[in-house]
Amino acid sequence: MNSQTMPIDQPAPGHYPETSGEPWVRLRQRLLRHARMMVYEPALAEDLVQDSLIAVLEKPEAHRGEASIMTWAVAILKHKIADWYRSPHQRQRAWTEADDDEDVGDPTEGLYDEQGSYKVAVPSWQQPEKQETQRQMMSVMEACLKRLPSQTGRVFMMREWLGFETTEICERLSLSAENCRMILHRARMGLRQCMCAQGHTTGSIQ
Amino acid sequence: MTLLHSCKKAAELLSQSLDEPLDMVDKLRLRMHLSMCGNCRNVEEQFNMIHKMGAQIGTLDLCDEQPEPSLMKGQALN
C-alpha cells in the first residue's frame, strides 16, 4: 500500500515524534475520528487513542513496513476498542450511554410501495478499481456513517469494523437478536441510501 | 405464506445473511426472488460492498489533507 500520504517512518529511538511532527497530529486525529464513532465518552476515546499511540511509539520495530503506520495504528486501536467492549465492568456502561434518546428513524420509510417493491429503481454500483476511486468511496462511506443515528452506527461498526459476531453484540449491548438484526439492517439501508445520494456509484463524488 | 418474498423482506434477509446463516426456506425463497429482481440484486451488491468496506475502514490511506466530503444538504438520515 502506498504510504505517501502518511510520511511517518520509523521514529528514532528515544525520540518522541508527537512533539515534532505534523504527521503524528494527523495520525492522532484520524484515530480519534474512528474512536469517537465507537465509544460515547470523548475522554474515553482520547484514552484509547492515547494507549494506541503509545503502543505504536513503544515498539516501532513491530511495524514491518508491510502496512503503513496508519494501518498498523488503526489495527491497534481496533484491539483496544474491542477489549474495552469485552471488559465485563464496561458492559452496562456501553449500553446505557449508547441509549442516548436519539431519533432513530427508519431509513426504509417511503422506499417501498404497498407490495414492498422499490418505488424507484436501485442503481448498480461499479466496483471501484482505481485506488483513488476506492478512497473516494471510503470517505463518502465514513461521512455517511456519521449521519447514522449514533447507536446504529456503533452497532454497525462493532459488527463490520471490529468483526464481532452478532451474538456477541447482542450480549454486550443487551439487545435482543431481533433488535440487533433490525439495527444492522437499518444501518446498511441508511448507508446505501446515503451513498447512492452522494452519487459515488460512478466515482463522481462531490 | 406467499411463495415469493417482497423486496422489503428480501433486503432484510440480505442483511441478515451477512451476519448469520439463513434457514433453508428463506435461503431458497431469497434466491428465487433475486433471480427475478434486478433491484434486489443491486441491493445485494451494495450490501456486499458496504460489508467489505466496513472491515477496511482506516486501512486505506485517505488523503487527510483533503477536507471530508461535505454531504449534500437535506441528506439527513434520521
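The expected span of a helix is taken as 1.5 Å times one less than its number of residues, helices (H or I, at least four residues) and strands (E, at least two) being DSSP runs numbered from the N terminus. The structure is a predicted model, in which local features need pLDDT of at least 70 and side-chain atom pairs count only at pLDDT 80 or more, while totals for chains, interfaces and linings use all residues. Residues are numbered from 1 along each chain as its sequence is written, and chains are lettered from A and ligands numbered from 1 in the order in which they are written.

Chain A contains 8 helices and 0 strands, in the order α-α-α-α-α-α-α-α along the sequence. The confidence of the predictor in each residue is given as pLDDT, from 0 to 100. The average pLDDT of chain A is 79, and 75% of the residues score at least 70. Within chain A the lowest confidence is in helix H4 (residues 91-98), with a mean of 52, and the highest is in H8(A), at 94. The pLDDT is below 50 over residues 1-19 of chain A, a stretch that has 29 contacts in the model beyond near neighbours in sequence; two residues are in contact if their C-beta atoms, placed from the backbone, lie within 7 Å. Residues 201-206 of chain A also have a pLDDT below 50, with 16 contacts beyond near neighbours in sequence.

Burial was assigned by counting other C-beta atoms within 10 Å of a residue's own, with C-beta atoms placed from the backbone: 20 or more for buried, 12 or fewer for exposed, and partly exposed in between. Of the 206 residues in chain A, 34% are buried. Among contacts in chain A between residues at least 6 apart in sequence, 68% join residues at least 24 apart.

The domain assignment, which is automatic or from a database, divides chain A into domain 1 (1-86) and domain 2 (105-206). Contacts between the two domains involve 6 residues of domain 1 and 8 residues of domain 2. On the domain 1 side, helix H1 (22-38) and helix H3 (69-86) of chain A are the elements that give two or more residues. H3(A) has the largest share of that side, with 4 residues. By class, the domain 1 side has 5 nonpolar, no polar and 1 charged residues, where Ala, Val, Leu, Ile, Met, Phe, Trp, Tyr, Cys and Pro count as nonpolar, Asp, Glu, Lys and Arg as charged, and the others, Gly among them, as polar.

In H3(A) the buried residues are A:Ile69, A:Met70, A:Trp72, A:Ala73, A:Val74, A:Ile76, A:Leu77, A:Lys78 and A:Ile81. Their cover includes H1, helix H2 (42-58) and H6 of chain A. A nonpolar core is a set of buried Ala, Val, Leu, Ile, Met, Phe, Trp, Tyr and Cys residues joined through C-beta atoms within 7 Å. The largest such core has 58 residues, and A:Ala35, A:Ala73, A:Leu77, A:Met141, A:Val155 and A:Leu191 have the most contacts inside it. Domain 1 and domain 2 of chain A each supply at least three residues to this core. Apart from neighbours within four places in sequence, A:Met141 contacts A:Leu191, A:Met195 and B:Met53.

Chain B comprises 3 helices and 0 strands, running α-α-α from the N terminus, and 32% of its 78 residues count as buried. Helix H3 (residues 38-56) of chain B has 19 residues and should span 27 Å; its end C-alpha atoms are 27 Å apart, in agreement. The buried residues of H3(B) are B:Cys40, B:Val43, B:Glu44, B:Gln46, B:Phe47, B:Ile50, B:Met53 and B:Gly54. They pack against helix H5 (131-147), helix H6 (150-161) and H8 of chain A, together with helix H1 (7-17) and helix H2 (24-36) of chain B. After H3(B) comes B:Gly58, with a positive phi near 90 degrees.

Two further sites in chain A concern helix H8. A:Gly190 is located in helix H8 of chain A and is buried, because 24 other C-beta atoms lie within 10 Å. A:Gly190 and A:Thr108 are separated by 82 residues in sequence, and their C-alpha atoms by 7.7 Å in space. A:Ser174 lies in the loop between helix H7 (166-173) and helix H8 (177-197). Although not a glycine, A:Ser174 has a positive phi of about 50 degrees; it counts as partly exposed because it has 13 C-beta neighbours inside 10 Å.
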